[in-house]
Amino acid sequence: MKFNIKEIPFCSYGSTLVISYIDNIKGIEDGLYIRNVQGGDDFISHLLKIELIEGEEIIDFDTIATPTLLKLVSENGFVEFCISKENIISFRGEGVGLRLTMDKRSYDNGIPINNKQWEINSYKEQIKLLLTSLKGELVVDAPWNKIRSEYLVADFVAKADDNKFSGAIEAYEKVWEEKEYGSFDSYHRKIKKSYDNWMESIPKVPKEIEKGRQDAGYFTWSCMVSPRGLLTRPAMYMSKRYMPNIWSWDNCFNAMALIKRYPKLAYDQIMIFIDNQDESGLFADFINDRFACWSCTKPPVHGWAIRWMMDRSEFFTKEKIEEIYEPLVKWTDWWFKYRDYDKDGIPAYNHGNDSGWDNSTVFNETPPVKSPDLLSYLIIQMDLLSSLAKIIGKDDEFKYWKKRADESLSRLIEYFYDGERFVARSVGSHKIVESNSLLPFMPIALGDRLPKEIAEKLICQLKEKGSFYTEYGLATERIDSPLFEAEGYWRGPIWAPTTMIIIDGLYNMEEKEFAREIGEKFCKMASKEGMTENYNPLTGKALKENAFTMTASVFLTLIEELYLN
């Protein structure tokens, strides 16, 4: 597999150091950079710009990027890189030199440790880098200006009697522990073994979607980061390009893709949010190693995802169930305690972000808004809690959750279903929110829990020509809607999570042929266009963030469900 470094970051399992291309970012010169994905996405990291030199002259190069090796090639030589999970970039070059440049920022500085090593301290990014020359020479220009280095230029070059050099760049936050660096080949062998093992665990697929398998495999492998700070367990970031966080519904889909191959890792994705759960029961909107955001949250799809995983894995032992049961109880109760403003047993979203559908037309009216998807997810979660309570011997709670789920299903239909479709309503007035969004169709997630006549109407409306169903899958806004935007985020584009939830619901309704059609369209589109954040529903064109793990994970899940069963 080869990829375009201008679109896809180069990284490896566990590392927070990344090499990627930055362009069109105000205040940052376009180019290839060593970056740091700690601390989330509020700041675009650009620690060191990478260039090749001959003498003092900066020269052009071509880039060959593969999952475990990045090679920069010029007319007279090359430099190649690999990145270990220990946050060490190993590199070597021949025939040319490597230049690393740090721009001027407050307090950032470089200091010589010895004639082979310099430490760079980035105050802005709260990280230190140790530059080490292993073969050849390290020449650094870092003039001091009162409280910082005015700039830093570090050249790794060969000695006069040789044309080869090698070195290492290691990241750390506090102190560097002295160590002997291994050879480039030793690091690369270890990294390649990790990647090869990951890819071997992914089942083979038809040739027409093999590119997608390769892309999705690399993205999910390379977006893993090791435990650090608030990330109490190994975590799969959404992207190591511009979205280095985990969101509390996105990570459920990542867990689903891992459950058959790496069940402990799948369980860890769910547990990170449980480890950081607020006393009230609230799950954070997103988490990174340094920060948890509580301004919004995400929909309670956790019960749906855990149920799905339990149907496919024996990993959820009684011990594991006891570990997740009470946190899921608190998460379920939170919605009714803090978001049921009318005290009618129907919680509301305060913002589109809470639903995961940030700018959906359901939120054209001033929030809070009651949307039928929210109560549907909670019904599924209460059904799961009933099942879990029975397994761990809480018979009274088994009956309690079953009764609440049944009552909530009746309430869902009575309040949201108008005889033809589900609608969203404003809190207080209970007025119907006029919207042509796919969001009110998400009760399909209930599967055979929905009355058959309602399910059949929803399915007919999804299949209706000129509505949601396109050549590439399900648009998130009716394509004949006056508010439809083909590239409007949640106002038209096709998204992986909604595709997955609807497919699962259709399967549970025994509407398997339609489910397969949607899934196959999605897989072919994603394989062709890449695992991006979302897709134009009219052209299939990839949109927004590249190398997006939620999309990759849904792709990997669907190929097993649709192509291999």
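Arg 105 counts as buried, at 11% relative accessibility, where buried means under 20% relative accessible area, exposed over 50% and partly exposed in between (1.4 Å probe, protein chains only). The model is predicted, so that local features need pLDDT of at least 70 and side-chain atom pairs count only at pLDDT 80 or more, while totals for chains, interfaces and linings use all residues. Residues are numbered from 1 along each chain as its sequence is written, and side-chain values use heavy atoms, with hydrogens and water left out.

**Salt bridges**

- The whole structure holds 43 salt bridges, each being a side-chain nitrogen of Lys or Arg within 4 Å of a carboxyl oxygen of Asp or Glu.
- Arg 105 pairs with Asp 108 at 3.4 Å, N to O, and both residues are buried.
- Arg 105 also forms a salt bridge with Glu 125, with the closest N and O atoms 3.2 Å apart.
- Because Arg 105 lies in the loop between β9 and β10 and Glu 125 in the loop between β11 (117-122) and β12 (127-135), this pair ties together parts that are 20 residues apart in sequence; strands (E, at least two residues) and helices (H or I, at least four) are DSSP runs, numbered from the N terminus.
- Glu 125 is buried, with a relative accessible area of 4%.
- Lys 370 forms a salt bridge with Asp 342, the closest N and O atoms being 2.8 Å apart.
- Lys 370 is in strand β23 (residues 369-370) and Asp 342 in the loop between α6 (318-338) and α7 (352-355), so this bridge links parts 28 residues apart in sequence.
- Lys 370 counts as buried at 0% relative accessibility, whereas Asp 342 is partly exposed at 26%.
- Shared partners join Asp 103, Arg 105, Asp 108 and Glu 125 into one salt-bridge network.

**The β9 to β10 region**

- Tyr 107 is placed in the loop between β9 (97-102) and β10 (109-114) and is partly exposed, with a relative accessible area of 43%.
- Pro 112 sits in strand β10 and counts as exposed at 52% relative accessibility.
- The C-alpha atoms of Pro 112 and Thr 532 are separated by 42 Å, the two residues being 420 apart along the chain.

**Lining classes**

- The lining of the largest cavity has six nonpolar, one polar and three charged residues; a cavity is a set of points on a 1 Å grid over the protein atoms alone where a 1.4 Å probe fits but cannot get out, and lining residues have an atom within 4 Å of a point.
- Helix α13 supplies the largest share of that lining, four residues.

Note on methods:
Ala, Val, Leu, Ile, Met, Phe, Trp, Tyr, Cys and Pro count as nonpolar, Asp, Glu, Lys and Arg as charged, and the others, Gly among them, as polar.
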